[in-house]
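User: I'd like to go through the labels on this model and check what stands behind each one. Can you take me through them?

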Amino acid sequence: MEVSKCSESIQPTATVTGDREKEIDGRLGNCEVCDAEVSKYTCPRCEVKTCSLSCVKIHKFELECSGIRDRTAFKSMKKFSNLDLLSDYRFLEDIARTTLKYRKDINKRYTRFNTALPVQLFKLKRAAYSRGVRLLYLPQNFSKHRENSTYFEWKSNKFYWRIEWTFFTDSGIKKIVDERVLDTEKLGKVISQHLDPKIRDPELEPYYSAGFNGVVLLLKCEKADDKFFELDACSSVRANFRNKTIIEYPSIRVVLKHRKDEYELIDPDDERESQSFGNKDDVNQNEIEIIENDCDSSSVIVIS
Ligand SMILES: [Zn+2]
Ligand SMILES: [Zn+2]
């Protein structure tokens, strides 16, 4: 039997010579890619027989095969050998090593899935709920969670929101944050502090000239991508957030009135329906998980 021409450029994994090699070659049959040479290699993943590196590459490309053995592939008991047992054992060891690694990694350890919320977060969530707001938390290590200064003063029953105002300027996005806004304040009063021309921020010049009456305040709907609620500047913060879902803290877009058309707004009539608690229609799977997990005291992971 003829020895493969490819053997000059690529060595067989087992160093066998002479008759023994020929015997192995013969056992594998012809190359399943070129069918011209005797095959020398078996793909660990799909068991395709090949004769050379170039045929291996063609095979991987054509069958989109990674060439890496699938350690979880089904193996019948008849074919199960000691090597498979060893492989399974190593596989389990690998898993144990990986889980240990993640457990030590402070950033990956916390998901707070199915565990109790810290008391203060639970109270905050409940206080928000009693004000008609569905407040959701992100995992501990998300910066949006860490920087959230939203606060509930239990003794006086006062609720303070962290509010982030987003302005679109010529040079990009400008964010201004109010760390604690009492929710009984009028929304318009809070934003007008930032629209005072005395502040003299050159980036916000168009907003100063538009003034309080020249802007609209939009809150992104967390349940519908790219849709916004138009907020009422004459109402309190509390009234504006009622029946809304807020992840960590509200981020309100301050938009010049003539650019309002660029946003898809939610009809005020649909507002209540789309945001009412427990309505599981027209929301995607992730959001359903949010709602379902929200019934207990645990927080949820929000996949965005
Ligand atoms: Zn070949
Ligand atoms: Zn393969």
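Analyst: Here are a few labels, each set against its cut-offs. This is a predicted model, where local features need pLDDT of at least 70, side-chain atom pairs count only at pLDDT 80 or more, and totals for chains, interfaces and linings use all residues. Residues are numbered from 1 along each chain as its sequence is written, with chains lettered from A and ligands numbered from 1 in the order in which they are written.

User: Why is Thr-42 called partly exposed?

Analyst: A residue is buried with 20 or more other C-beta atoms within 10 Å of its own, exposed with 12 or fewer, and partly exposed in between (C-beta atoms are placed from the backbone). Thr-42 has 14 such neighbours, so it counts as partly exposed. Thr-42 sits in strand β1, residues 41–42; strands are DSSP E runs of at least two residues, helices H or I runs of at least four, numbered from the N terminus.

User: What is Thr-42 in contact with, leaving aside neighbours within four places in sequence?

Analyst: Leu-28, Glu-47 and Lys-49; contact means backbone-placed C-beta atoms within 7 Å.

User: How do you know that the span of helix α3 agrees with its length?

Analyst: The expected span is 1.5 Å times one less than the number of residues. For the 23 residues of α3 (82–104) that gives 33 Å, and the end C-alpha atoms are 33 Å apart, so the two agree.

User: What makes α3 hardly covered?

Analyst: The count of buried residues among its 23 is zero. Across the protein's 304 residues, 22% count as buried.

Technical notes: Two residues are in contact if their C-beta atoms, placed from the backbone, lie within 7 Å.
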